[in-house]
Protein chains: 2
Amino acid sequence: MRVLLVGAGGVGTAVTRIAARRPFFEHMVVADHDPARAEAAVTALGADGARFRAERVDAADEDGVGALLERHRCDVLLNATDPRFVMPLFRAARDAGATYVDMAMSLSRPHAERPYEECGVKLGDEQFAQAGAWEKAGALALVGMGVEPGLSDVFARYAADELFDVIEEIGVRDGANLTVDGHDFAPSFSIWTTIEECLNPPVVYEADRGWFTTAPFSEPEVFDFPEGIGPVECVNVEHEEVLLVPRWVDARRVTFKYGLGREFIDTLRTLHLLGLDRTEPVTVPGPGGPVRVSPRDVVAACLPDPAALGERMHGKTCAGTWVRGVKDGAPREVYLYHVVDNQWSMTEYGCQAVVWQTAVNPVVALELLATGAWSGTGVLGPEAFPAGPFLDLLTAYGSPWGLREQ
Amino acid sequence: MRVLLVGAGGVGTAVTRIAARRPFFEHMVVADHDPARAEAAVTALGADGARFRAERVDAADEDGVGALLERHRCDVLLNATDPRFVMPLFRAARDAGATYVDMAMSLSRPHAERPYEECGVKLGDEQFAQAGAWEKAGALALVGMGVEPGLSDVFARYAADELFDVIEEIGVRDGANLTVDGHDFAPSFSIWTTIEECLNPPVVYEADRGWFTTAPFSEPEVFDFPEGIGPVECVNVEHEEVLLVPRWVDARRVTFKYGLGREFIDTLRTLHLLGLDRTEPVTVPGPGGPVRVSPRDVVAACLPDPAALGERMHGKTCAGTWVRGVKDGAPREVYLYHVVDNQWSMTEYGCQAVVWQTAVNPVVALELLATGAWSGTGVLGPEAFPAGPFLDLLTAYGSPWGLREQ
């Protein structure tokens with residue numbers, strides 16, 4: 001296997017560090033729009049970096065991406081950029097005949113008239129619209145293969161195969177107790193993407209109703225996270241799992257709730273109330289005359305870079321899938337989860353926990369594709385594949401998962 | 001009397017409309033850095049505008065202001081700009097031999113080591129440092145002569161002269177029930193100034209301790225405002241009255257609490273937490289490359305212009321002074337207040353309530369100076385003058401005040 005990794009930000013860099021310890025692939029090209037970032041990721045691997053090579057790439061330039069795939073004879077493109085580049089990279093991989101893997105799907109657009117009731121363009125719609133072409137070509141696009149979506153979808157499939165006869169509800173629940181020394185407020189992930197996720201109309205699936213949307217921050221609940229994280233307030237958020245799981249797993253209801261906590265929810269509400277979440281530029285006086293800036297970019301510029309906070313971060317992050325249903329005639333409720341302690345990921349990989357947890361899953365998936373344990377054609381989510389081999393390999397990577405009977 | 005009014009924003013424009021109905025002055029020059037704004041204020045007066053004349057001025061240019069005072073033979077400078085221009089205008093008036101009147105005092109700077117315990121440079125310190133020069137010249141600077149500071153200080157003097165033998169505490173309390181159609185969040189006053197006021201360390205005076213500071217939003221209390229406004233949560237805020245009142249009125253304690261309400265307090269806290277209250281520029285990506293902007297300017301740019309909201313505003317605003325002490329051996333507690341209904345000020349003057357309430361007080365003061373009912377030399381606050389004539393004239397302007405025994 002020869003991989004083109006596009007994006008050498010926090011997640012891309014963690015991918016190189018995890019993959020460097022595994023022999024399943026032959027070559028990995030690390031490409032970024034900033035060649036210094038790609039170079040830094042490869043250099044940091046030291047003696048383990050022999051199979052890696054840094055390149056410059058513009059992720060929006062399909063022809064350039066195609067040329068890079070061809071030049072390095074890559075058979076897989078792993079997309080570790082932000083969701084705005086999903087479609088060009090997805091198309092470039094198809095055109096070059098490469099397998100495509102990403103961790104976030106093509107973007108949604110709210111319903112024009114009833115944004116908080118009906119779906120407009122859904123997450124992944126643009127990709128699934130191309131499923132026929134991928135199938136026909138005998139090619140595979142494995143979409144949403146990070147931690148959430150990704151591992152959370154694997155958990156859903158595992159629950160359906162191994163733990164339940166009938167599933168009432170599958171609810172992905174994500175929470176953390178991370179703090180950052182010296183910062184009262186420092187999100188451990190991109191505020192730009194968090195605003196996008198949290199202020200878009202959350203999507204919910206119900207078997208008798210299909211997909212529909214609600215108002216932001218709907219259905220608040222306090223979920224008790226394992227391994228000492230404890231109770232965190234969670235709310236509905238737009239997320240890929242709600243679009244992926246029902247395509248392959250039978251469940252009456254699918255939700256995604258993000259453990260933002262009360263303070264963070266209030267912060268996002270305030271940003272929205274003040275119009276500071278907007279991406280359309282506003283005109284602001286500047287030292288050399290008026291300038292135009294996107295308020296959301298200004299919010300991001302005022303906060304520290306989450307990828308650079310690892311050293312000063314403490315705590316754990318938990319991704320998982322809560323499932324309620326029936327097994328052998330009796331009601332059952334479980335939470336399948338994966339916890340990463342920031343201290344462990346920093347010591348072992350020099351990566352902060354959230355970023356490492358996202359990155360490990362596509363590497364496990366690539367290894368399963370390389371060994372043939374996973375195979376398929378078309379545009380497929382992680383729940384389209386057998387869950388057992390994935391969970392076993394994840395454990396073999398030194399990062400076990402857990403199951404809590406509720 | 002010939003007046004140079006500097007600043008034709010919301011308050012300056014309201015000053016022209018109120019003054020136009022009073023015969024006490026001969027000529028008023030309306031000057032603004034934007035000549036169109038000054039022109040618009042004068043044009044709006046129509047047939048009542050004969051005594052007014054629009055000019056362009058840079059409020060930071062002392063020589064230019066001096067030349068304007070001289071050219072129009074003005075004996076009074078009324079400053080209706082934002083507090084950054086207090087010192088140049090104050091100096092320009094002194095140099096030209098004009099009486100100076102403002103509605104906000106020279107800015108404070110927090111204590112370098114203990115900002116939330118000790119005062120650094122206090123509001124007005126720079127102005128009071130020049131008091132000797134004004135006295136020696138037999139000239140008058142009447143500082144803090146808006147509604148708060150201003151009318152609130154007049155109330156304090158009235159309470160001391162007429163209502164109490166001993167005063168325990170004087171607490172200015174400001175609250176409103178204003179709402180704006182079509183906006184979930186639309187402050188009725190400059191967000192830039194509000195952030196400045198509310199996030200600076202609040203100052204408190206105690207007779208046995210002098211002036212000291214606290215953390216922002218300290219000593220929350222719910223104050224019941226009159227005329228249907230009702231209970232509003234108030235917190236300590238840095239304000240001029242705390243610096244002015246103890247110089248002329250004997251009180252054991254002086255505070256200023258702003259009825260921000262819970263939502264507004266939380267909003268300001270969030271802006272502070274995210275660093276969006278900062279005035280130092282941050283670097284932000286722009287369509288034509290990175291640009292530098294002040295986050296606080298971006299917040300202001302995202303919100304509607306408060307001066308333009310009058311038509312869609314509903315409700316009342318209340319400024320007042322609560323006093324607790326002893327009269328004739330018995331405990332007494334009163335609230336002296338002034339309420340403006342937005343509907344009334346819009347109908348009568350085409351000005352929104354907060355702006356009109358600020359503007360009426362300096363006009364009343366100018367009239368008292370013109371008639372000789374008020375006179376003095378040095379740098380003096382409103383409480384340095386007899387309160388009775390002021391309150392009578394305010395009532396004669398069609399805007400009565402109230403007294404509530406608690």
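Begin in chain A by selecting residues 2-6, which are strand β1, together with residues 76-79, which are strand β4: these two strands run parallel and are joined by 4 bridges. Strands (E, at least two residues) and helices (H or I, at least four) are DSSP runs numbered from the N terminus, and two strands pair if DSSP finds at least two bridges between them. Now pick out L4(A), whose bridge partner in β4(A) is L77(A).

This is a predicted model, in which local features need pLDDT of at least 70 and side-chain atom pairs count only at pLDDT 80 or more, while totals for chains, interfaces and linings use all residues. Residues are numbered from 1 along each chain as its sequence is written, chains are lettered from A and ligands numbered from 1 in the order in which they are written, and side-chain values use heavy atoms, with hydrogens and water left out.

Then move to chain B and select helix α1 (10-19) and helix α13 (353-371), whose axes come within 8 Å and cross at roughly 55 degrees; axes are lines fitted to C-alpha atoms, for helices over the stretch in contact, and angles run from 0 to 180 degrees between N-to-C directions. Finally, show the residues in contact (heavy atoms within 4.5 Å), including V11(B) and I18(B) of α1(B) and W356(B) and V363(B) of α13(B).
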